[in-house]
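Please look at the sequence and the structure before reading on.

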Amino acid sequence: MSRLSSGGLIDRATPLAFTFDGRSYKGFAGDTLASALLANDVRLVGRSFKYHRPRGVFSAGSEEPNALVELRTGARREPNTRATMAELYEGLEATSQNRWPSLAFDLLSANQWFSSVLGAGFYYKTFMWPAALWEKLYEPAIRRAAGLGRAAEQADPDSYEKAFAFCDVLVIGGGPSGLLAALTAGRAGARVILADEDTILGGRLNSARTAIDDAAPGAFLARARAELSALPNVRVMPRTTIFGVYDGGTYGALERVGDHLSVPAPFQPRQRYWKIVAKRAVLCAGAFDRPIVFGGNDRPGVMSAQALRTYAVRYAVTPGRNAVVFANNDHAWSAAFDAADAGVKVSAIVDVRETPPPALLAGATARNIRVIAGGEVIATSGKCLSSITVRTRGGTETLQAEVLGISGGATPNLALTSYFGGRPKYDAALAAFVPDQTPPGLSVAGAAAGQFSLAQCFATGAAQGVAAARDAGFAATPAPLPETGDTPTSLSAFWHVQGSKGLAFVDFQNDVSAKDIAIAHKEGFRAVELLKRYTTLGMATDQGKSSNMAGLAIMAELTGQGIGETGTTLFRPPFTPVALGALAGHHREKDFRPTRPTPTHDWARKQGAVFVETGLWLRAQYFPKPGETDWLETVTREVKAVRSSVGLIDVSTFGKIDLQGSDVGVFLDRVYINTFSTLAVGKARYGVMLREDGLVMDDGTTARLADDHYVMTTTTANAAKVYQHLEFCLQVLWPDLDVQLASISEQWAQIAIAGPKSREVLAQVVDAPLDVSNTGLPFMGAVEGRVMGGVKARIFRLSFSGELGYEIAVPARHGEALTRALMAAGAPFGITPYGTEALGVMRIEKGHVSGNELTGQTSARDLGLGKMASTKKDYIGRVMAGRPAFADRDRATFIGFKPVDRAQRLRAGAHFLPLGAVPVMENDEGYMSSVAYSPTLDHWIGLGFLKGGRARIGQKVRAYDPVRGGDIEVEVCDPGFVDPEGERLRV
Amino acid sequence: MSELLAEIPASALVPEGHYGPRTPAPGVVAAQLSQLALATVAVRPNALDLVAELALEKLGLALPHGPRTASAGDLTLVGTGPRRFLAIGEGITGDPLLERLGHAFGKTAALTDQSDGQMVIQLSGPRTRDTLAKLVPIDLDPSVFKAGDAAATLVALIPVLIWQADPAPIYRFAVPRSFTPAFLRALVGAGAEFGLQLTGTGRG
Amino acid sequence: MRIPCPYCGLRDAHEFSYLGDATVSRPAPDMPDAQEAFFHYVYLRENPAGAHEELWYHAAGCRQWLVVSRDTRTHEISGASFARAPKADASHAEVKP
């Protein structure tokens with residue numbers, strides 16, 4: 001065990017058992033998987049992406065490139081989980097990734113011996129030919145060899161949800177600057193949200209022993225946490241990562257509600273995706289300790305110097321028996337001192353600087369740490385690190401070391417500042433990019449702004465807290481700054497040990513080495529964006545948080561340009577990976593989108609209806625009866641019942657719009673191609689609406705109930721679109737018209753009955769004195785009255801099926817009762833409920849256009865409706881519909897088809913070709929839009945668009961359908977297959 | 001999807017009952033209200049001042065300015081857009097409501113019965129705001145959205161009208177009839193964490 | 001994006017649908033070159049990098065058509081007003097930021 005005997009923020013009273021690769025271990029509450037593994041001397045935790053090199057824990061935070069594991073098992077198995085962010089829980093099961101047959105002995109680690117050919121651009125260069133081999137050979141082989149964890153193969157059993165939050169000031173990160181910013185804004189009365197990806201607030205203060213106000217940092221942290229949780233206007237959100245910044249002060253956040261539990265608590269989601277809207281935000285996300293590039297810098301046991309400190313101080317773990325620190329900056333020394341003070345044996349500090357500050361030298365002496373100034377680590381050895389080779393002016397020397405804490409300086413965690421395209425600027429004194437332009441409303445404090453010392457963090461956090469609160473309208477004064485001895489640190493820019501031994505890694509996760517940067521340079525991929533894509537630098541799941549900087553610096557050295565001129569690639573959200581399940585939230589499976597049942601849904605279900613989704617609606621598609629073997633048999637029975645007697649269908653899904661006002665007639669004349677101002681009260685009319693470009697938008701019937709009161713119906717699909725269009729016309733085009741709209745789609749259930757017996761059925765449900773005789777309610781009549789003994793109703797004599805028909809509208813709550821009443825009244829006639837399929841068959845038999853024809857590419861003339869267009873008025877789309885191409889005789893227009901061999905089946909989507917013509921686009925004459933088996937005619941019939949249209953009635957063409965292997969002769973015919981004169985409607 | 005809802009058809013109202021952990025008192029009480037009549041009131045052009053006078057005179061009601069509510073006795077008007085209101089009458093049906101509004105406003109406003117088109121769902125209980133935070137994309141903090149405030153917005157892809165009926169707080173939603181099953185699913189999924197009592201939707 | 005609806009207040013852009021340039025207006029249908037004018041009205045749009053006046057419909061809110069001033073480069077929205085000038089009724093429109 002490498003657990004120190006005392007210290008740390010772990011709860012030694014709460015031991016937790018867990019397994020890694022099937023072996024059992026113990027840790028404590030407060031551990032991460034990474035700290036618990038290190039405490040159990042597990043230093044090899046994974047294999048790298050490309051070369052399968054053994055890797056250990058590098059960091060102690062969300063930037064972790066190496067320690068990726070599969071967490072949990074079965075349906076909850078989650079690949080590529082950073083062990084440094086996985087909180088330990090009782091029974092945690094983790095498995096290493098990308099190794100076979102075992103982590104310790106991995107056959108594909110042989111890849112690394114071929115690193116000389118597997119370098120940058122390897123895939124581009126190697127797999128160019130023959131192309132046929134790509135899918136069969138290369139890709140499967142690469143996919144097996146490269147890669148990370150395996151996704152679960154079962155559906156995720158956990159739930160996820162979305163939530164919304166609003167605040168004056170959002171503080172991103174709860175370290176020293178974030179605490180001061182939140183305290184300052186919170187005390188001023190602003191609504192504050194303080195979000196931190198960690199379990200506990202404090203950031204680096206949880207890992208440091210630096211005195212604050214002459215006491216251990218824990219005392220300050222306890223005060224700050226207590227005050228923040230006592231302020232009613234402050235909301236602290238731990239385990240919450242702000243992963244994106246969006247327009248208008250909107251921030252995306254992921255709260256890991258149940259990730260620290262084996263399964264989420266009952267009725268709790270696993271994760272919650274927050275949309276936070278903040279008037280102001282302060283980014284206090286700290287900085288990353290970046291690696292130095294040298295041969296063997298990826299060996300398990302090499303970690304960042306600050307991670308060494310964190311494991312020692314926060315988790316009371318010594319990550320190896322003998323620690324050496326290799327750095328170029330003061331901050332790494334204080335990490336070494338804290339680690340040593342916590343009980344880690346730190347034997348040496350190797351600093352590339354010839355003369356480190358005297359205070360640090362004194363500190364090292366006091367702790368009996370040997371200092372090698374002006375030294376560089378040039379090699380490492382051991383499967384897990386056992387020794388390092390150091391080059392000094394005097395020569396080389398080998399030191400025993402199980403841990404090497406490396407630090408090339410701090411890289412501000414400024415990703416969020418560049419999500420709006422803001423380019424960070426290079427600060428040579430800090431050897432770091434610092435924020436320049438930030439998204440509107442976002443400012444930066446602390447280490448994220450390059451203010452690395454504790455004192456600077458406190459000061460800038462408080463100052464930005466004041467500024468943010470003031471911008472949000474609150475008078476604020478900075479919170480008093482805690483006293484700390486931590487002063488600005490110095491460093492000497494240093495990136496890459498020249499002439500070291502073995503592969504020197506820049507990007508650990510994507511196995512990009514210094515040599516790859518050199519290849520990119522040599523081959524001309526020098527601009528940072530090209531460098532990134534050619535080498536994959538920074539493109540792994542860690543997005544190069546710790547690695548990018550050294551890559552840019554090495555390229556800058558090679559080109560001779562400065563780092564500032566070389567620049568940096570920009571960051572994009574999400575800051576850390578976000579599960580798609582979290583983004584979907586509630587909207588999955590049955591709740592993927594709302595399901596809208598019709599008013600008669602329950603009744604139809606009890607009748608055994610098969611339902612179909614039409615948009616969000618669920619409609620009865622057909623009503624199979626026992627003994628019927630397929631849908632066609634059912635639909636055929638339903639059609640025959642309507643044509644011979646009477647049938648019933650729920651048409652409530654049509655859009656229904658109430659129009660009232662003195663100008664409704666004028667208005668309708670302007671939005672329909674035909675005239676409605678002259679429509680008599682008590683009558684309905686079929687209307688066609690165009691878009692302004694002259695193409696048909698929608699059709700439907702509109703009835704006039706009173707001089708100043710009309711009711712419009714739209715197709716189911718276009719209900720919302722038509723309403724929006726009408727509002728556009730009224731608000732934007734003709735704001736002076738006196739027309740008031742109201743959607744009544746939901747208010748009225750509408751049941752259609754059709755068939756020669758429909759009047760007899762209807763007559764039995766209407767209340768006196770309503771007269772539904774042929775004279776009382778003629779074809780296209782519309783009346784208001786009562787049905788079923790007092791229920792108000794609107795009755796329209798309309799027909800889509802071609803039979804005598806009525807649509808009866810009643811308030812939705814009565815829809816089912818009306819249906820039952822009609823079924824009872826129609827029982828003597830064998831009234832048959834029918835669904836959308838039978839409706840579709842009958843409209844095709846009648847040659848009516850529907851959704852398949854109203855494609856948004858068809859004009860009224862194309863649809864055979866050109867004669868409806870009034871020439872006496874202007875209307876939307878009139879001028880553009882007059883363009884010559886619409887009148888071209890060769891334009892494909894609406895017409896009917898039947899197979900020459902009546903036994904053959906038609907297929908919608910088939911294209912028409914002249915008989916004998918080769919099937920090429922030049923010979924294309926149109927296509928079949930709708931087909932049905934006609935029970936009335938006992939053969940397949942079709943509707944479609946054919947060049948020349950009606951002029952070709954009687955001709956034969958080829959219906960060619962290569963997708964489904966169809967190629968038959970069809971005869972062009974009138975689209976009115978059944979009762980073309982409409983006599984049945986008027987009986 | 002919450003496991004709670006896995007067995008309930010997406011097309012059916014979520015049955016009344018208790019959802020979530022058993023606590024001494026439910027965190028959220030949701031009730032689908034009946035005995036309400038609803039109508040849209042669309043004021044004709046240039047008639048708003050007149051309608052405001054008529055509302056005061058005939059209904060004893062100050063017409064709400066903007067997205068707010070105004071109540072007098074059993075009648076509430078909710079502002080839903082410029083010159084547009086949703087009228088809600090408690091304890092009556094659509095026809096008498098329309099009659100009453102017609103009597104008050106005459107030809108100055110278009111009236112349309114919506115009593116069957118919108119379901120009204122009421123939320124109360126100590127965890128109401130925590131539940132609403134998972135549903136409503138607007139700021140319902142009491143410093144921003146107060147009793148008498150209203151908003152038309154989108155909840156779980158469903159167009160709704162929400163208003164705060166009481167500082168307690170009590171909120172009400174008007175939800176299009178066909179969207180009510182989907183709305184209840186989202187509501188129960190969000191509120192179950194706090195213990196949600198649902199009434200008024202039947203036994204399923 | 002968040003759009004300051006003059007009736008509803010600041011709302012997420014998800015509640016709105018977009019139409020486009022608000023500065024074009026429907027030509028008189030009986031003008032001599034009506035077809036040419038309509039061609040321009042229907043199809044031809046400037047594509048400015050910068051200030052843009054555009055029509056948005058608050059579909060999930062007050063169902064009003066708005067003219068929104070947006071900078072196409074930054075998505076910064078400097079204001080929104082009703083496409084229908086509210087005239088005498090303006091007094092009853094509560095305008096939030």
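The domain bounds used here come from an automatic or database domain assignment, and the model itself is predicted.

Q: What distance separates the centres of domain 1 of chain B and domain 2 of chain B?
A: The assignment for chain B places 3–33 + 117–199 in domain 1 and 36–113 in domain 2. Taken over C-alpha atoms, the centres of these two domains of chain B are separated by 25 Å.

Q: Which residue forms a salt bridge with Arg68(B)?
A: Between domain 1 and domain 2 of chain B, where about 900 Å² is buried, the rule finds two salt bridges. A salt bridge here requires a side-chain nitrogen of Lys or Arg within 4 Å of a carboxyl oxygen of Asp or Glu. For Arg68(B) the closest N and O atoms of the pair are 2.3 Å apart, and the partner is Asp149(B).

Q: How many salt bridges are there between chain B and chain C?
A: In this interface 19 residues of chain B are in contact with 14 residues of chain C, and the rule finds six residue pairs in polar contact, both at pLDDT 80 or more. For salt bridges between chain B and chain C, however, the count is zero.

Q: Which element gives the most to the side of chain B that touches chain C?
A: The elements of chain B that give two or more residues to this side are α1 (48–59), β5 (75–81) and β9 (150–155). With four residues, the element that gives the most is β9(B).

Definitions and conventions:
Residues numbered from 1 in each chain as written. Chains lettered and ligands numbered in written order. Predicted model: local features only at pLDDT ≥ 70, side-chain atom pairs only at ≥ 80, totals over all residues. Heavy atoms only, no water. Contact = heavy atoms within 4.5 Å. Polar contact = N/O pair within 3.5 Å; in protein donor to acceptor, adjacent residues only side chain to side chain. Buried area = accessible area lost by both parts, 1.4 Å probe.
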